[in-house]
Amino acid sequence: MKRKAVALMLALAMTTFSLAACGGKETEETSAPKEETEKKEESEEGKEEEQNAEVPETTNIKWAQGLSGNVFVTIAQREGYFEEVGLTIEEIPLDSGQLEGVVNKQVDIASNSGTNRPLQMIAAGDDMAVIGGFMLEGCMPIITKEETEWKGIEDFIGKKVADTATRYPTCVKLLDAGHDPVNDVEWIDISNDADKIPAVLSGEVDYAVLGTGRMYMAENTEGIKIVGYCDDITPEYSCCRMVARKTWVEENPTTVKLLNQALLRAQCYFEANREACIDMMSEELDTNREYVEAYMGKEEHYELNVDTVKSVVIDTWNYQKAVGLIDESVDDSVIEDSVYEDLYKAALDVCIEKYHDDDPDFWDAQLALYEKYN
């Protein structure tokens with residue numbers, strides 16, 4: 001009897017072990033196909049994403065490179081952002097005459113020629129449009145002699161100033177204060193910024209407004225002092241928007257969208273790595289670090305943004321019409337139809353979907369800026 005009981009218990013134990021072994025084997029065998037299925041799904045997702053990737057209408061873009069460069073372009077080149085969206089950018093050294101270069105097809109895009117003149121050219125019927133931005137606030141100093149007193153922008157009244165009445169951030173405040181910016185200031189036309197500094201020193205002019213690329217010279221010229229910056233007068237004034245031929249934009253909308261995606265990623269990189277970008281641009285421009293740091297290091301004055309900031313562009317348009325720099329008879333629909341904020345927003349939406357979690361603060365700020373100015 002005892003032998004039978006022991007035999008029965010032994011048989012049960014062996015059966016249990018056998019079942020357990022079978023169960024383990026089944027789990028092992030079924031897990032492998034599951035992993036293969038997951039890999040297959042990931043592979044299919046990758047292929048689907050690749051198939052759905054937008055293709056630019058044109059892949060080669062000629063870009064006018066200004067004196068201070070475009071750090072977004074340099075970053076996007078070096079980090080491979082342009083390559084990822086299928087674009088090749090060729091920078092053409094061209095500081096003066098950038099806008100003419102766009103119109104005559106020497107280059108496709110310019111980003112360092114302000115906002116004022118592009119609008120005047122658009123009003124005159126030139127083939128030009130705003131597709132994005134670069135400097136929202138340029139590091140643009142207002143200079144005078146060391147001994148000259150400065151109380152504010154109204155000190156321009158009745159004085160000789162090396163600049164132009166088209167300068168929206170300074171002149172709109174004169175208009176707001178009841179002055180005639182065109183006639184109440186004696187504007188002296190000095191096309192080369194470098195020549196404005198000796199003009200101030202010699203007394204030929206009382207004040208001058210310099211471009212971003214002349215910051216180092218302004219800070220290191222004896223007898224000259226910086227009394228303010230354009231963004232002190234009017235913050236976020238749209239220093240330089242990114243422009244292209246309107247016909248080119250209409251023919252290449254996907255290219256413009258992909259271009260802005262790459263530039264937005266470059267802006268995100270810039271804001272997180274400004275010091276490294278100073279080194280990057282000094283190498284790119286083949287100049288000393290101090291030259292680049294003189295403007296790029298001033299975070300409070302040198303603010304960059306890819307956004308079209310359409311409402312600020314239109315404010316600039318309205319200012320120029322108010323003082324006769326743009327003919328009042330030009331219909332406002334001309335500028336409304338020449339700012340492609342929709343293509344910029346499409347690029348921003350894609351970037352937020354793909355990269356938001358990498359830097360939520362940056363992408364939330366970009367969306368807020370778009371909603372504020374578009």
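**Note on the sheets and helix contacts of a predicted model**

1. Six bridges connect strand 1 (residues 60–65) with strand 2, and the two strands run parallel. Strands pair if DSSP finds at least two bridges between them. Helices (H or I, at least four residues) and strands (E, at least two) are DSSP runs, numbered from the N terminus. Within this pairing, isoleucine 61 has isoleucine 89 of strand 2 as its bridge partner.

2. Residues are numbered from 1 along each chain as its sequence is written, and side-chain values use heavy atoms, with hydrogens and water left out.

3. Strand 4 pairs with strand 11 (residues 241–244) in the antiparallel sense over four bridges, and glycine 133 stands opposite arginine 241 in strand 11.

4. Another open sheet of five strands has the order 8-7-9-6-10, again with mixed pairing. Its edges are strand 8 (186–187) and strand 10 (224–229); each has a single partner strand, so one side of each is left without a neighbour in the sheet. Strand 6 (residues 141–145) and strand 10 run antiparallel and are joined by five bridges. Isoleucine 143 has isoleucine 226 in strand 10 as its bridge partner. As a general point for reading such sheets, side chains in a regular strand alternate between the two faces of the sheet.

5. How many aromatic pairs are counted? Rings of Phe, Tyr and Trp (its six-membered ring) pair if their centres lie within 6.5 Å; planes under 30 degrees apart count as stacked, over 60 as edge-to-face and the rest as tilted. By this rule there are eleven aromatic pairs. One of them is the tilted pair of phenylalanine 156 and tyrosine 207, at 5.5 Å centre to centre with 40° between the planes. This pair links distant parts of the chain, 51 residues apart: phenylalanine 156 lies in the loop between strand 6 and strand 7 (160–162), and tyrosine 207 lies in strand 9 (residues 207–209).

6. Helix 11 (residues 253–272) packs against helix 16 (residues 341–355) at an angle of about 50°, with the axes 8 Å apart. This makes helix 11 oblique to helix 16. Axes are lines fitted to C-alpha atoms, for helices over the stretch in contact, and angles run from 0 to 180 degrees between N-to-C directions. Angles under 35 degrees count as roughly parallel, over 145 as roughly antiparallel, 65 to 115 as roughly perpendicular and the rest as oblique. The contact (heavy atoms within 4.5 Å) includes Val256 and Leu264 of helix 11 and Leu343 and Val350 of helix 16. Its residues divide into eleven nonpolar, two polar and two charged. Ala, Val, Leu, Ile, Met, Phe, Trp, Tyr, Cys and Pro count as nonpolar, Asp, Glu, Lys and Arg as charged, and the others, Gly among them, as polar.

7. Helix 11 also packs against helix 2 (residues 71–78), at an angle of about 100° and with the axes 8 Å apart. Helix 2 and helix 11 are therefore roughly perpendicular to each other. Among the residues that meet are Phe72 and Ile75 in helix 2, and Leu263 and Phe270 in helix 11. This contact has ten nonpolar residues, one polar and no charged.

8. Helix 16 packs in turn against helix 17 (residues 360–373), at an angle of about 160° with the axes 10 Å apart. That makes helix 16 roughly antiparallel to helix 17. The residues in contact include Tyr344 and Leu348 of helix 16 and Trp363 and Tyr370 of helix 17. By class there are eight nonpolar, one polar and two charged residues.

Note on methods
Predicted model: local features only at pLDDT ≥ 70, side-chain atom pairs only at ≥ 80, totals over all residues.
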